[in-house]
Amino acid sequence: MSRPRAREEPRSPVLSSDILRSIAQDALRWSAADTMSVTVDHIAIGIARVMMDRVRMQDNGDKIRIQLMTQFGQRDSVWLSVNQLDPVSIQRAVRYLDRTAHELRGDPTSFAMPLPPRQYGPNTVWYAGTAEAFTTARHDAVATLVEPVIDAGLTASAFVGVYAHAMAYADKRGILAAGEETDAEVVVTAWRAEGKGAGWAGSCARDWSRLDLPAVPARAIDLATRGSAPVASEPARRTVILDRPAVAQLIHAMGPAFNARLTLSGQTPLYNPATHNLRLGEQIMDLRLMLLSDPDDPEGGYLPFNRIGDPLRAMTWIDRGVHTNLAFDAEFAAIMGYVPSNDEPSALRVQASPDSALQTVDAMIAGCEDGIYVNRLADVRPVGDPTVGMLTGVTNGGCFLVRNGRIERSIRNLRFLDSPWLFLNRVDAIGTPARTPFGYAPWAGEWPIAPTIVPPLVVRDFNFSALADSI
Amino acid sequence: MAREISRRHFVAGASAAAVQAIGGLTRDAGALLGLPTRGLRVQVPRTARGRTTSPSVWLPDPISADHLRVLAQIAMNAARDAGADFADVRIGVQRRIRQFTGPGGPSVGMWSSYGIRAWHGTTWSFQHGSVLTPDAVTAVARGAAAGARRYADINTRLATRRSTHRADSLPSFGETPWAPTSVVTGEWSVPVEIDPFSVPLDDYQRVLGSLVDAAVPSSVYRNASAFGFWLGWQAETRVFASTTGSLVTQHTLCGGAGVRAVAGAHPDPDIVKLSVPDLEQVCAGFEVALRPEIPVQLQSLYNAAVRYRQLPFRPIRDIGRGTVVLDGETMARVVGSTVGSALDGDRVSGIEADGAGGGFLSPPLDILRASAPQFSPQLTMTATRAFPSPMTVHWDDDGVVPESYTVIDGGRVVDFHTTRETAPMLAEWNTQHGRPVRSHGCAVAPTPESVPRCSGGHMMVASAATHVSLEDLVRTMNRGWVVMNGVTIPTPGLTGVDIFNGPESVVLEIQRGVPVARTRLRLQVVVPLLLGKNLIAIGDSTTLGTSAIEVNKGIPWEPVQQFVTAPAALCKDVDLLP
C-alpha cells in the first residue's frame, strides 16, 4: 500500500493542495474585510460504464470551485463562488465582494462565538496510484472485469470510477487547512441469460492498488450462477446473514443520528422520549459492537477538516454497545461548552470489540439452520418515526435460502422493514470488517459515498415485510 | 507571488484578455468577469440600492449566444480534427433567482458548463468542463475523441470474446447504429412577456406582499397563516452543435410562484396546506405572478383548508382493502413514477439495468405485441415537449425536434420514450407499421455538462370526456378515502407504489359521499391492478393536476426530471397498511 505522497507527481488529475492553499491565501491578502474565508476545491472524476458486455460510455471531467465569504464588522456576510483560477479574476471577485459587503446592514447585537484553536491530523487519503489510474489502469480494468462474465455465459454490466479531490481552506483568523483525497470503486453485475437473476459484487478503496479486480467478477458470477429459478419465500421475521454490502447500506443510514443538534431536539433514536434525556452512557446495541470514525483509518480515512475549516476528529460513537459520543459542530460546541467538536459521521467503521470471536461468511452459513443470506440491499430509505430509525428497502443482487448449514436455493427478493437501532441488539455473529462498495445508491448521497467499513452479520428476527420485484 | 498552474485548460492569458472592468453597481458595469463563472451565487443586499435594481445587476453579464456558438463550433472542429466519426456538444449558461417572503434578500446565481460526446464507430465517450475558453473546449473535445477511440478498441476485443463464447452472434444493443437525425439550425426562445431578471427587486417584494395581503383576511379571522411564499425562475441559453453541421440555440425560462393556503400556524403540528396549482413550474416569465386569478384561487383554497382543518382527525384503525379517490396531483405521481418511468427507453433497453433499474413493461416488442391491453381502457396517455409544458424545447439534447406521441391508447401500450440511442430497439415494430425509426426527442441533459439521458417529457393522461368532477367521484363512495397531494414512492421494478401523507397532503375519510374526518394512511398498490381492473372512473379536465417526477439515473447518479398531468381517479380494492 502506497503512503501519502509528496505533490507534483506527473499527470495528476487535480491541482495540488499547495497551489490551492496559495490561491486561498492570495484571496485573503486582497480583501480589506474584517472577516473572510476562502474554500478552494478541485474535483476530477473518470467513469466508465459497461452495459450488455460493451462499454457504453465513459465520462471524464473536472470542476473548480472557489467559494469566498466576506464580512465587515457585524454587517451581514456575502459570499460567492467562482471557477477562474487566474489572479486577475480572483482579485476582481474579491473586490466585488468587498464592495457588496460594505452595502449590507447587519445586527449590531450579533455575536460570533470565539472558537478554540484548531489542530488538524495528518492527511493520509491521497494515493498516487489512484491518480495515475486516471490515465491507464482504469481503462485496462474494464476487460478484467467484463471478460470473465462473458466467458461464464452471462451478461455484464459494470462501473469503473476514479475520483480525485484537492481542497484548501483559509480565513483571516489564520486558520489554514489543505488536503487531497483519492477514491476508486469498481462494480460488476452479472446477469443471467433470461434476465431474471443477477449477481452483484464490487470493490472500493482509496488506493487503486488495493482493489481486488479479479475477485469482483468471480463473486458476481458465483452469485448469478446460484440464482437460477428463484422461488418465493414467505416474508416474516427470519434469521438473516447480511453480507457486507447489505450491512454498509444500513450502517450508513445511521450517521445523521449522531448529530447533537438533531438529537437534542428529539429527532433521532439517540434521544429517549420517555426520560427526556440523551441516551449517552446507555447500552443501545450488542455489547460486542463498536462504531467509530477516524480520519486516519487505514481503510476508511477522510480529510481531517470540513469545508469551513472545522477539524474532524477520530471519535468512538458506540463502544461495546454503549453510546459514548454525539457530534457537536464547532459553533454548537462553543455555545454548549462541549469539547471536542466534530461533524456527524459520514464515514463509519463497525467492528467487534477486540475480545470477540469473529466468523467468516462461510462459517455463518454453516452455523445457520434456517435463514436467509442477503448479498446487498437497494432503495434503502427511512420510514416512519425518526426516533425509531426504521428503514425499508429491498434485497438485491443475490438472495438465498439457507437451511441446515448450506445455501439451499435462490429465493425471490424481499422487502425489509427494520431499524439498525433495534436489530443491532439481535446480533448472533460478527465477521471481519472491510471497506465496502455501494454501487448505484442515490439514497446514500453523492458519489463517491464516504468510506464505510463493516463486517458481515448474522441477525435474528430480521423483519422481511413483503416480496419485492427487484432483480 | 509566482504560482505554478497546470498548463491544462486553466489558461490565465485567455481569460484575462476577456475580463471587463468592474465599476459601480449599475447594470452594465455589474459584470464580474468577462467570462461567465461556472458557479456564481450571491445574496443580494437588503439595501435601498439592492431593492431598486434588477437581479441581473448582481450577476455578471451573461455570455452572449454568439460566443457560445463560436465555442461550440471550435469544439466540433477540434473533435473532427482529433478523428471523431461524429461529435456533438451542449454548451450553456443558466441564471437563477429565488425570493422568499420574510427577511433576507433574494438569492441569484449563474452557472455555465458544457459537455462533448464523440463517437468512434458505435462507441462514444463523454467529457465535460466549465471553463469557457477556446483552449479549454478544444482540450475537452480532443479528450472525448481520444476516449472514444480507446474504448472502441476495448469494445472490439469484448465483442470478439462474446462471439467465441455465445451461440447468438447477434449484435449487442449498443452496437446498433443510432437513429438518424437531420441537420438542424436555428434559434428559439420561450415566449416571455416580462423577463424576471429585469424586474426590480422591489417589485418582487411588492408582488409577494400583495399575495400575502390576499391571504390576510383569512389569517385574521380563521387561524390561517401565510408563509413560505416565493418567486423564482431559471433561465438558460443553451447551444447544441454537431460535426454534421447542426447548430441551434435555445433560450428557455421556467419558474413561477409558490403560493399556498395554510390553515393553522406553527408550532401547531396540525396544519393543512394547499398550494395554488399550476403556478410553480411554468414556462413563462414574471407575468405568471401577476395573474389576476391568483388571489381568487388563494381565497378559495383558504376556504377549503379551513374547512378540512375543522374536520376531526381520526387515525385509521382498520386495515385491508378500500376504495380511494386520488386527486390529479397524486394520480400524476402514481402514473409518472411507475408506468411513465417503465416506458423509459433507458430502462427497457437495459441501459439503466444496474442503475435506476428496469421496469415491468419490457421487453418492449413483447409488450407492443401483447394480445390484451395492459391497463384499463379508460387510460390513454400521450407525451409531449410542446409549449407551454415546463419541458418545452424546440430541439432535444440529441439535436432532434421532439414530437408528441401516444404511449398508451385505450389501455394498450403503443409506444415508448426514445432517444436516438434507444429508438432502434423498436425498429422492427416501426417498420412493420410503416413508421420510420426515429427518436421521439426524449434526450435530456439536466445541465450542459450532463450526459444526455431519456426523459418522457411531459406525459398527459387523458381526462374523461364527460363531466365528472372530484366531488362527483367522491359522492359515489359509500366509504373510502380521498388522497390529495399524496406522496408516492415506487417499488423497484415499478410494479408497485406506496402512497402516503406528506407535509402538504390532505387525506379525508369519506362516508356516504361526505368527508367526515382527516386521517393519515399508507396505501400499497399494485400498479397494473390499480390502473387496470381496479380503476373505476377518472375525472374530467377540472380535476387535472400536474406533478414533477425526478429519477436518479446513471452512475454517478443525477436527477432527471419529467412532468405528468393526470385527472383524478376513483379506484377500488386498494390495500391499506397500518
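Biologist: At what angle do helix α1 (residues 17-30) of chain A and α2(A) pack, and how far apart are their axes?

Modeller: Please keep in mind that this is a predicted model. Helix α1 (residues 17-30) of chain A packs against α2(A) at an angle of about 45 degrees, and the two axes are 9 Å apart. That angle makes α1(A) oblique to α2(A). Their crossing is right-handed.

Biologist: Which residues make the contact of α1(A) with α2(A)?

Modeller: From α1(A) come Ile23(A), Ala27(A) and Trp30(A), and from α2(A) come Pro87(A), Ile90(A), Gln91(A), Val94(A) and Asp98(A). An α-helix has 3.6 residues a turn, so residues three or four places apart point the same way.

Biologist: Which residues of α2(A) are buried?

Modeller: The buried residues of α2(A) are Ser89(A), Ile90(A), Arg92(A), Ala93(A), Val94(A), Tyr96(A), Leu97(A), Asp98(A), Thr100(A) and Ala101(A).

Biologist: How does one check the span of helix α2 (residues 87-102) of chain A against its 16 residues?

Modeller: One compares an expected span with the distance between the ends. At 1.5 Å a residue, the 16 residues of α2 of chain A should span 22 Å. The end C-alpha atoms of this helix are 23 Å apart, which agrees.

Biologist: How do the axes of helix α4 (residues 137-151) of chain A and helix α5 (residues 215-226) of chain A cross?

Modeller: These axes come within 8 Å and cross at roughly 30 degrees. An angle under 35 degrees counts as roughly parallel, and α4(A) and α5(A) are therefore roughly parallel to each other. The crossing of α4(A) and α5(A) is right-handed. On the side of α4(A), the contact is made by Thr144(A), Leu145(A), Pro148(A) and Val149(A), and on the side of α5(A) by Val216(A), Pro217(A) and Ile221(A). The residues of this contact divide into 6 nonpolar, 1 polar and no charged.

Biologist: Let us turn to single residues. Where does Met315(A) lie, and is Met315(A) buried or exposed?

Modeller: Met315(A) belongs to strand β11 (residues 315-319) of chain A. Its relative accessibility is 6%, so Met315(A) counts as buried. Leaving aside neighbours within four places in sequence, Met315(A) is in contact with Leu292(A), Ser293(A), Asn325(A), Leu326(A), Pro340(A) and Asn342(A). Separation in sequence and distance in space can also be set side by side. Met315(A) and Leu289(A) are 26 residues apart in sequence, with 15 Å from C-alpha to C-alpha.

Biologist: What is the phi of Asp379(A)?

Modeller: Asp379(A) has a positive phi of about 55 degrees, although it is not a glycine. This residue is found in strand β14 (residues 370-382) of chain A. Asp379(A) has a relative accessible area of 19%, and is therefore buried, since the term applies under 20%. In chain B, Asp278(B) likewise has a positive phi, near 55 degrees, in a residue other than glycine. Asp278(B) is placed in the loop between β10 (272-275) and α6 (293-310) of chain B.

Biologist: Is the peptide bond from Trp447(A) to Pro448(A) cis or trans?

Modeller: The bond from Trp447(A) to Pro448(A) is cis, with omega near 0 degrees. Pro448(A) sits in the loop between β19 (434-435) and β20 (452-454) of chain A. In chain B, a cis peptide bond joins Phe387(B) and Pro388(B), where omega is about 10 degrees.

Biologist: Where is the place of Phe387(B), and what does Phe387(B) touch?

Modeller: Phe387(B) is in the loop between β12 (381-384) and β13 (405-409) of chain B, and Pro388(B) is also in the loop between β12 and β13. At 42% relative accessibility, Phe387(B) counts as partly exposed. Not counting residues up to four places away in sequence, Phe387(B) touches Val190(B), Pro191(B), Cys283(B) and Thr392(B). Between Phe387(B) and Ser300(B) there are 87 residues in sequence and 28 Å in space, C-alpha to C-alpha.

Biologist: How many helices and strands are there in chain B as a whole?

Modeller: Chain B has 12 helices and 27 strands. Of its 578 residues, 59% count as buried. Among contacts in chain B between residues at least 6 apart in sequence, 74% join residues at least 24 apart.

Notes. Residues numbered from 1 in each chain as written. Chains lettered and ligands numbered in written order. Predicted model: local features only at pLDDT ≥ 70, side-chain atom pairs only at ≥ 80, totals over all residues. Heavy atoms only, no water. Axes fitted to C-alpha atoms, helices over the stretch in contact; angles between N-to-C directions. Helix = DSSP H or I, 4+ residues; strand = E, 2+ residues; numbered from the N terminus. Parallel < 35°, antiparallel > 145°, perpendicular 65-115°, else oblique. Left-handed = near helix turned anticlockwise from the far one by under 90°. Contact = heavy atoms within 4.5 Å. Nonpolar A, V, L, I, M, F, W, Y, C, P; charged D, E, K, R; others polar. Expected span 1.5 Å × (residues − 1). Buried < 20%, exposed > 50% of the residue type's maximum accessible area, 1.4 Å probe, protein only.
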